[in-house]
Structures are given as structure tokens and as C-alpha cells.
Amino acid sequence: MSDGQAKIPPAYRRIVDGWGPPCPVERAKDRFTDLVASAEAGRPVLLCRDGREWAALLPVPAASVPQLTEMAGKDRAEVRVTGFSPALVGAWEPRDLPAARRELPQLVRAAYRRRIAFVLWTDHDPRAIIAPVDVAPGPG
């Protein structure tokens, strides 16, 4: 099954109805700047790898910027992010935007399989989050 024909898991149907179909990771790499801007503007984007591994590109909750800013320069951090249950995210890891674009297939896989959330950065500013779909705050 190709990314463009991703079968929607029943647990994700409501999210797909609210946010739209997933963007295949190879296409997402080409549109990465626009997708991050969409997330920053409050429009989450679903990402899919090989039709089976899903993640969400999400806005950074404004209330969490101070906690996330403490991650700068660290490989991994234990932080509380507004709207995300600490029981459902195994770890938070920072990635600068160019690295995130290059590593996007691996980040989607890690979010899906290992329950890692990635905070995407430019300079010292958190811009967006890649997280497991089921821990993302759902569509309103």
C-alpha cells in the first residue's frame, strides 16, 4: 500500500474527518516549510509513512513555550506540555527544522512506534511538534 492510499485506522477516522487525510512523508518533505507554517497557524497535519505509521504535526501550545524553551541544547528532556498526557508520550526530543525535514520518515516512525514527541526548532524558538496521533489534542 502506498502512502497516497493510506488506509484509515478506525481509531483515526474522527481525526481524519477533522484535519483531513494524511500527507505521505515523502510529499511532506517537499512541502515541509508550508506544513510547519500550517501547524504554527493552528492547523494540524497528519503524516503517514508506508500507509501504516502515523504521526501528527501540531502547533506548540502557547502555555508550554517556557517549558519547551528549557529543552534548547539538550538531547532529550522531561517536560510537561499543555494538552499532552505525560503517560502517553515516552520522551520529548528537540530537532532543528532542517534536521527534521531530512529525518522526517524516521521521526514519524519513532513517534508511532516508540511514542516519542519531537519539538521542531529554529534558533531558540519551538515552532511545531511531531507526536503520536493518539496523544494529539483532537479536532474541535
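Analyst: **Glu93 and the sheet around it**

Glu93 belongs to strand E4, where strands (DSSP runs of E, at least two residues) and helices (H or I, at least four) are numbered from the N terminus. The model is a predicted one, in which local features need pLDDT of at least 70 and side-chain atom pairs pLDDT 80 or more, whereas totals for chains, interfaces and linings use all residues. Residues are numbered from 1 along each chain as its sequence is written, and side-chain values use heavy atoms, with hydrogens and water left out.

Glu93 has 9% relative accessibility and therefore counts as buried (under 20% relative accessible area, with a 1.4 Å probe and protein chains only; exposed is over 50%, and partly exposed lies in between). Its side chain makes a polar contact of 3.3 Å with the side chain of Arg95, a polar contact being a pair of N or O atoms within 3.5 Å, of which, within protein, one must be able to donate a hydrogen and the other to accept it, while residues adjacent in sequence count only if both atoms are side-chain atoms.

The sheet to which E4 belongs is open and has six strands, ordered E1-E2-E3-E6-E5-E4, with mixed pairing. Because E1 (23–24) and E4 (91–96) stand at the edges with a single partner strand each, one side of each has no neighbour in the sheet. The partner of E4 is E5 (residues 116–122), which pairs with E4 in the parallel sense over six bridges (strands pair if DSSP finds at least two bridges between them). Within that pairing, Glu93 stands opposite Phe118 in E5.

Helix H6 (residues 104–114) packs on this sheet and touches E2 (45–49), E3 (53–58), E4, E5 and E6 (125–131). In H6, the buried residues are Leu104, Pro105, Leu107, Val108, Ala110 and Ala111, and the helix is followed by Arg115, which has a positive phi, near 60 degrees.

Strand E3 runs antiparallel to E2, to which it is joined by five bridges, and Ala55 in E3 is the bridge partner of Leu47. The hairpin that E2 and E3 form has three residues between the strands, and Asp50 in the turn has a positive phi of about 55 degrees. Three bridges join E3 to E6, again in antiparallel fashion, and here Ala56 has Ala131 in E6 as its bridge partner.

The largest nonpolar core has 23 residues, of which Leu47, Leu57, Leu104, Leu120 and Ile130 touch the most other members; such a core is a set of buried Ala, Val, Leu, Ile, Met, Phe, Trp, Tyr and Cys residues joined through side-chain atoms within 4.5 Å. Helix H6 gives the most to this core, with five residues. Leaving aside neighbours within four places in sequence, Ile130 is in contact (heavy atoms within 4.5 Å) with residues including Leu57, Leu104, Ala111, Phe118 and Leu120. Apart from this core lies another, of 19 residues, among them Tyr12, Leu46, Trp121 and Ala131.

Notes:
Axes are lines fitted to C-alpha atoms, for helices over the stretch in contact, and angles run from 0 to 180 degrees between N-to-C directions.
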